[in-house]
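Subject: Structure for you to look at

Hello,

Here is the structure I said I would pass on. My notes on what was found follow below.

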Amino acid sequence: MSLPIIRSALPADEAAWRGLWRGYCDFYGASLGDAVTDRTWKRILDPDSAIMCVVAEVDGQVYGFANCVVHENTWETQPVCYLEDLFVLPSARGHGIGKALIEWLRNAMRAEGWARLYWMTREDNASVRKLYDQFAQADGFVRYVIKR
């Protein structure tokens, strides 16, 4: 497989993104309504939204994405980037696509002046943690969630 081109998602990427998004949600056992998916895609394309998406393209096909939220925070003077969703087609894993997406974000962090780039994954997601450990070590925080 050739090296991926990492770029911002474009309107023409909608079908590919939706297919990847479905795979991502299935992996996490999440059942999201169409309204959530539609709204997420609209925010990705909205230049005034804090949500952004970069895709990994090889030979004209999109094989992965990174959905991120750039936001202000109380611990630094610069914004930070939360890598909320990272997904690569199972058939394309092991070819450096996930790594290329994170490298692109790390370079964007420097270029945009973000104070940090951070993300979470399941503790038992050993395969992706091997990739993540190449960039940083888990910081020991435990997540708590209150749902409506």
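A disulfide is taken here as a pair of cysteine sulfur atoms within 2.5 Å. By that rule the count in this structure, which is a predicted model, comes to zero disulfides.

Cys53 is in no disulfide, and the nearest cysteine sulfur, that of Cys68, is 7.8 Å away. Cys68 in turn has its closest cysteine sulfur in Cys81, at 4.0 Å, which is too far for a bond. Cys53 counts as buried because its relative accessibility is 4%, under the 20% cut-off. Cys68 is buried as well, with a relative accessible area of 1%.

Next, the sheet. Five strands form an open sheet with mixed pairing, in the order E1-E2-E3-E4-E5. Strand E1 (5–8) and E5 stand at its edges with a single partner strand each, so one side of each has no neighbour in the sheet. On average, neighbouring strands of the sheet are turned by 30 degrees against each other, direction ignored. E1 pairs with E2 in the antiparallel sense over four bridges, and Ile5 stands opposite Glu57 in E2.

In soluble globular proteins, nonpolar side chains tend to be buried together. The largest nonpolar core here has 26 residues, of which Ala66, Leu83, Leu86, Leu101 and Ile102 touch the most other members. Two or more residues each come from strand E2 (51–58), strand E3 (61–71), strand E4 (80–88), helix H3 (97–112), strand E5 (117–119) and helix H4 (126–132). H3 gives the most to this core, with seven residues. A second, separate core has 15 residues, including Cys25, Trp41, Val55 and Phe87.

Which residues is Ala66 in contact with, leaving aside its neighbours within four places in sequence? They are Met52, Cys53, Val54, Leu83, Asp85, Leu86, Leu101 and Leu105.

Last, one tryptophan. Trp21 is found in helix H1 (residues 14–27). Is Trp21 buried or exposed? With a relative accessibility of 8%, Trp21 counts as buried. Not counting residues up to four places away in sequence, Trp21 touches Leu32, Thr37, Phe65, Asn67 and Asp85. The C-alpha atoms of Trp21 and Gln134 are separated by 25 Å, and these two residues lie 113 residues apart along the chain.

Regards

Terms used:
Residues are numbered from 1 along each chain as its sequence is written. This is a predicted model: local features need pLDDT of at least 70, side-chain atom pairs count only at pLDDT 80 or more; totals for chains, interfaces and linings use all residues. Side-chain values use heavy atoms; hydrogens and water are left out. A nonpolar core is a set of buried Ala, Val, Leu, Ile, Met, Phe, Trp, Tyr and Cys residues joined through side-chain atoms within 4.5 Å. Buried means under 20% relative accessible area, exposed over 50%, partly exposed in between (1.4 Å probe, protein chains only). Contact means heavy atoms within 4.5 Å. Two strands pair if DSSP finds at least two bridges between them. Axes are lines fitted to C-alpha atoms, for helices over the stretch in contact, and angles run from 0 to 180 degrees between N-to-C directions.
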